[in-house]
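Hi,

Here is the structure for your files. Please have a look before reading my notes.

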Amino acid sequence: SLNLPILLFTKFYNLEISGLFSLAFRITMVPTSFLGSSIGEVYRQKAFSTYNEIGNCKELYLKTIKKLFLIGLVPLIVLFFTSKFLFVLIFGSQWLQAGEISQYLSILVFFNMISVPLSNTILLNKSQNMDMFLQIFRVLFTLFSFYIGYINNKDYLLAIKLYVLGF
């Protein structure tokens, strides 16, 4: 479901928009991917240990989600308000649209920063069926988002906004 937008941009829009999205997505995800994976690894170890000891890890989960929320606010605020400026500064004025896309993707990055490190909890409480349902919903909502943007005068920003909302 993470790579589906690139395929859909190519199908419904054009290679230029697909390239802008691809660059914006990669650049926007960098700040939190390292941090999120590190936190996720520490959380996973503590959660498995806590779950084996007391049968749940609810307290650890809630404590971690609060920390991730606070940590995630920094990249969200910075990216949301400076993406356009930073893309133009670093890549040149022809990449302004990628900066605008990155601005919307910063919201997705924020929620990704919170959800990915905690995703191992699904394995602990045996909620794989719920995870499968959520993944199917995400794929369907992604398809829906891009189709709605396409039928609305090929509005790729609308597609991105809906995609972020669904994510």
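This is a predicted model: local features need pLDDT of at least 70, side-chain atom pairs count only at pLDDT 80 or more; totals for chains, interfaces and linings use all residues.

Residues are numbered from 1 along each chain as its sequence is written, and side-chain values use heavy atoms, without hydrogens and water.

The fold: the protein chain has seven helices and zero strands. Helices (H or I, at least four residues) and strands (E, at least two) are DSSP runs, numbered from the N terminus. The C-alpha atoms fill a box of roughly 55 × 35 × 15 Å along the principal axes.

Take the contacts (heavy atoms within 4.5 Å) between residues at least 6 apart in sequence: 73% join residues at least 24 apart.

Surface: the accessible area is about 9900 Å², and carbon and sulfur atoms hold 67% of it. Areas come from the Shrake-Rupley method with a 1.4 Å probe; for residues, only the protein chains shown count as cover.

The patch: Ile27, Phe85, Leu86, Leu89, Ile90 and Phe91 form a nonpolar surface patch with about 570 Å² of accessible area together. Patch members have over 30% relative accessible area and no salt bridge, and nonpolar side chains are joined within 5 Å. A salt bridge puts a side-chain nitrogen of Lys or Arg within 4 Å of a carboxyl oxygen of Asp or Glu. Helix α3 (residues 58–91) gives the largest share, five residues. Phe85 lies in helix α3 and is exposed, at 56% relative accessible area.

Best wishes

Conventions
Patches are made of residues with over 30% relative accessible area and no salt bridge: like charges are joined within 9 Å, nonpolar side chains (Val, Leu, Ile, Met, Phe, Trp, Tyr) within 5 Å. Buried means under 20% relative accessible area, exposed over 50%, partly exposed in between (1.4 Å probe, protein chains only).
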